[in-house]
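Trainee: I'd like to learn how to read a structure feature by feature. Can you walk me through one?

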Amino acid sequence: MYRCLDCKGEFSFVKIDFERHGLDTPPFERRSLCPYCESDNIIYDTEPHCRYCGSRLREKKDYCSAHCRRRDYICRQMDEKRRKYLADSPLTAAIKEVESYNKEHGTRLTYGQYFALKDGGYI
């Protein structure tokens, strides 16, 4: 998170500007600017933030409360289950089969085209 010391704005990405100094070819001077007021008086804010809700923390720790810690744990568990389900899904296996066939034979068959040809006995 970046912070502008002039307008007090907070932002995730700086605006990049290249000062050419009258030159037609590089090297150009690269400047990081505030996206709101275009000041170059910005700092990278290293204050810690909660890993779940993103609120600013006063001391160095990962979560602002036990509730956020618990919710983050639950979200990570759900995401892990979702990834495992997708990896083990028959649809994922079928898509990988089509991709490997296309790569091996230099074709660009879609999922439907591949299985229509396969079920018809052409592949």
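This is a predicted model: local features need pLDDT of at least 70, side-chain atom pairs count only at pLDDT 80 or more; totals for chains, interfaces and linings use all residues.

Trainee: Let's start with the rings. How many aromatic pairs are there?

Mentor: The general idea is that a pair of aromatic rings is described by the distance of the centres and the angle of the planes. Here the count comes to 6 aromatic pairs. Take Tyr 2 and Phe 11: the ring centres are 6.2 Å apart and the planes meet at 15 degrees, so this pair is stacked. The cut-off behind that label is planes under 30 degrees apart.

Trainee: Which residues do the ring pairs link into a cluster?

Mentor: Tyr 2, Phe 11, Tyr 36 and Tyr 44 are the ones joined that way.

Trainee: And which pair is edge-to-face, with 85 degrees between the planes?

Mentor: That's Tyr 114 with Phe 115, whose centres are 5.0 Å apart. Tyr 114 and Phe 115 are both buried.

Trainee: What about a charge over a ring? Where does the charged end of Arg 20 sit?

Mentor: Over the ring of Phe 28, at 4.5 Å from the ring centre.

Trainee: On to strands. What is the order in the open sheet of 3 strands?

Mentor: The general idea is that strands of a sheet pair through backbone hydrogen bonds, either parallel or antiparallel. In this model the order is E2-E1-E5, and the pairing is antiparallel. Strand E2 (10-11) and strand E5 (42-44) are the edges, each pairing on one side only.

Trainee: How many bridges join E1 to E5?

Mentor: Strand E1, residues 2-4, is joined to E5 by 3 bridges, and the two run antiparallel. For a residue-level view, look at Arg 3, whose bridge partner in E5 is Ile 43.

Trainee: Now the core. Which residues make up the largest nonpolar core?

Mentor: In soluble globular proteins, nonpolar side chains tend to be buried together. The largest nonpolar core here has 5 residues: Ala 94, Val 98, Tyr 101, Tyr 114 and Phe 115. Helix H2 (90-105) and helix H3 (111-119) each give at least two residues to this core. H2 has the largest share, with 3 residues.

Trainee: Can we zoom in on one member? Where is Ala 94 found, and what is Ala 94 in contact with?

Mentor: Ala 94 is in helix H2. At 11% relative accessibility, Ala 94 counts as buried. Setting aside neighbours within four places in sequence, Ala 94 is in contact with Tyr 111 and Phe 115. Ala 94 and Phe 115 are 21 residues apart along the chain, and 9.1 Å separates their C-alpha atoms.

Trainee: What about a charged residue? Is Asp 72 buried or exposed?

Mentor: Buried, because its relative accessibility is 7%. Asp 72 lies in helix H1, residues 66-88. Its side chain has a polar contact of 2.9 Å with the side chain of Arg 76. Beyond neighbours within four places in sequence, Asp 72 is in contact with Arg 51, Tyr 52 and Tyr 63.

Trainee: And Asp 88, is that one buried or exposed?

Mentor: Asp 88 is exposed, with a relative accessible area of 53%. Asp 88 is also placed in helix H1. Its side chain makes a polar contact of 3.0 Å with the side chain of Lys 84.

Trainee: Last one: backbone angles. What is phi of Lys 8 near?

Mentor: Near 65 degrees, a positive value in a residue other than glycine. Lys 8 is in the loop between E1 and E2, and at 63% relative accessibility Lys 8 counts as exposed. His 21, not a glycine either, has a positive phi of about 55 degrees. His 21 lies in the loop between strand E3 (15-19) and strand E4 (29-33), and is exposed at 55% relative accessible area.

Terms used
Residues are numbered from 1 along each chain as its sequence is written. Side-chain values use heavy atoms; hydrogens and water are left out. Rings of Phe, Tyr and Trp (its six-membered ring) pair if their centres lie within 6.5 Å; planes under 30 degrees apart count as stacked, over 60 as edge-to-face and the rest as tilted. Buried means under 20% relative accessible area, exposed over 50%, partly exposed in between (1.4 Å probe, protein chains only). A charge sits over a ring if NZ of Lys or CZ of Arg is within 6 Å of the ring centre and within 35 degrees of the ring normal. Two strands pair if DSSP finds at least two bridges between them. Helices (H or I, at least four residues) and strands (E, at least two) are DSSP runs, numbered from the N terminus. A polar contact is a pair of N or O atoms within 3.5 Å; within protein, one must be able to donate a hydrogen and the other to accept it, and residues adjacent in sequence count only if both atoms are side-chain atoms. Contact means heavy atoms within 4.5 Å. A nonpolar core is a set of buried Ala, Val, Leu, Ile, Met, Phe, Trp, Tyr and Cys residues joined through side-chain atoms within 4.5 Å.
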